[in-house]
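This report goes through one protein chain, from the whole down to single residues. Keep the sequence and the 3D view at hand while reading.

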Amino acid sequence: MSTTTSTRSGRSGGSGGSASKGTPARGSAAQRARAAQAAKERARARAEAHADEASRPGRARSLPIIAKLESPLTTYYLILGATTTLVVIGLIMVFSASSVEQLLQDKASYTVFARQLMFAVLGGVAAAVASRLDVRRWKRLAMPGLVASVVLLAAVIPLGVDVNGNRNWLALGPVQFQPSELAKIGIVLAGAAIYANKASRMSSVLHVLLPFLVPISAVVLALILAGHDLGTALVFLVIIAAVLAVAGAPLRVFVVGGLLGAVGVAALVATSGNRVKRITDFLDPACNTNPDGWCGQAVHGMYALADGGWWGVGLGASKEKWAWLSEAHNDFIFAIIGEELGLPGTLMILLLFGILAWACFRLVSRTQDRFVRIAGSGIMAWLIGQAIINIGAVIGLFPVIGVPLPLVSAGGSSLVTTLLALGVLLSFARNEPGCRALLESRRGMIRRSLAVLPSRTRALSSRSSRRSR
């Protein structure tokens, strides 16, 4: 009996052991079946979603482009590409627009071009150095940069040089520069540093006024106007308004400030016979049709655009630069671009500034740093506002006030400081999430490019690289 019982218990135990071992196997098989079914359902859902997207007109083609634009490198390369292209176009057009004038003065035709190329190289170095600084460094440099620019602006009053009726230049030996250009960067960074710490106090007018508007902006504008440079002062007003808008200043500040600014500009125009003459001539239809009168520069600028027509007369073939259009390589270089390169050339300039504006907007809208947002918006307003003022004067929309086209017009101070400001934007773009890591991972691009060369060439390049180490 005991033997039978033990045998039965052993069978039952054996069956129970086999059941206990087989249960997990059956459970894992069931789990795999459920996982496979879930995977099939997800694949079916993705296929239906793709089919639904493809059924919408234009959606299937736009998605890859949108995906590429969402790369962390997009802002960086948009700013870098648009800036480089504008500088190259500017160098070409400066050489074309200034060569005849230099020959008429018994100088080498490339004199202005060589000087502009030198400043482009200096500005490129400044932009490269600026792009490597991080945001914390720019916050620390904001106030020292503003103080240095204010000191240089104050030095213009006793030591400045008069150029075309404006006393806004300082001379260091053979080199002349405008401290007001450096002050643009100083006031942008200072405003960003001040308002970045006042996010919760921007509803107070007192905190908005002090210390950015009074005394900083007031002192800078007073020093610029002391040199009779109303055009640069208008650009500063655009910068200040952009800084206040992005910082979150209340509406009443803009209403009162706009009224005071309008009254101040009107008073400055009324107290200057030259400015009054410019305004009255701008509003006089008879003057705007007389190429030999006070409006001759604006009229010849319109002649240049009209001569260019749809496709232009060809690079270097401008007629207006033969002593007809004054400042052809500076304030009115957009007219020479329209004459020689036609409508495609002018649209290319507008497109590049549009790309630059969109890249700046993308930068400030994606960041969470108030300093970056305010400083980026101030630089964007500076460049785009100045371009609008210059192009508007060339096409007859605004009076001629002598503001250069950024990155394109001849002028060392403007080019170097503009490239420095764009280097600041590149620094901000490098600090976007993922951008710095991707840029550092692309250092091996040259080595990967050499991989397509024959093995002997690769061996030589690898040996030379080891020797350099």
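## The chain as a whole

The accessible surface of the chain comes to about 24,800 Å², and carbon and sulfur atoms hold 66% of that area. The model is a predicted one. Its chain has 469 residues, of which 38% count as buried.

In secondary structure, the chain has 17 helices and three strands. Among contacts in the chain with a separation of 6 or more, 69% are between residues 24 or more positions apart.

## Helix H8

Helix H8 runs over residues 230-247, which makes 18 residues. From the first C-alpha of H8 to its last is 26 Å, close to the 26 Å expected at 1.5 Å a residue. After H8 comes Gly-248, with a positive phi near 95°.

The buried residues of H8 include Val-235, Phe-236, Ile-239, Ile-240, Val-243 and Leu-244. An α-helix has 3.6 residues a turn, so residues three or four places apart point the same way. Which helices cover the buried residues of H8? Among them are H6 (179-195), H7 (205-226), H9, H10 (273-283) and H13 (370-394).

## The nonpolar core

The largest nonpolar core has 95 residues. Those that touch the most other members are Tyr-195, Phe-212, Leu-244, Phe-371, Leu-405 and Phe-428. In soluble globular proteins, nonpolar side chains tend to be buried together.

Leu-244, one of the buried residues of H8, touches Tyr-195, Val-208, Phe-212, Leu-213, Ala-249, Val-253 and Phe-254, when residues up to four places away in sequence are not counted.

## Ala-142 in helix H5

Helix H5 spans residues 135-159 and contains Ala-142. Is Ala-142 buried or exposed? Ala-142 counts as buried because its relative accessible area is 0%, and buried means under 20%.

With neighbours within four places in sequence left aside, Ala-142 is in contact with Gly-186, Leu-189, Ala-190 and Ala-193. Ala-142 and Ile-187 are 45 residues apart in sequence, and their C-alpha atoms are 8.2 Å apart in space.

## A nonpolar patch on the surface

Some nonpolar residues lie on the surface: Leu-251, Val-255, Val-256, Leu-259 and Leu-260 form a patch there. Together they have about 530 Å² of accessible area.

Val-256, a member of this patch, has its place in helix H9 (residues 251-270).

Definitions and conventions:
Residues are numbered from 1 along each chain as its sequence is written. This is a predicted model: local features need pLDDT of at least 70, side-chain atom pairs count only at pLDDT 80 or more; totals for chains, interfaces and linings use all residues. Side-chain values use heavy atoms; hydrogens and water are left out. Patches are made of residues with over 30% relative accessible area and no salt bridge: like charges are joined within 9 Å, nonpolar side chains (Val, Leu, Ile, Met, Phe, Trp, Tyr) within 5 Å. Accessible areas come from the Shrake-Rupley method with a 1.4 Å probe; for residues, only the protein chains shown count as cover. A salt bridge is a side-chain nitrogen of Lys or Arg within 4 Å of a carboxyl oxygen of Asp or Glu. Helices (H or I, at least four residues) and strands (E, at least two) are DSSP runs, numbered from the N terminus. The expected span of a helix is 1.5 Å times one less than its number of residues. Buried means under 20% relative accessible area, exposed over 50%, partly exposed in between (1.4 Å probe, protein chains only). Contact means heavy atoms within 4.5 Å. A nonpolar core is a set of buried Ala, Val, Leu, Ile, Met, Phe, Trp, Tyr and Cys residues joined through side-chain atoms within 4.5 Å.
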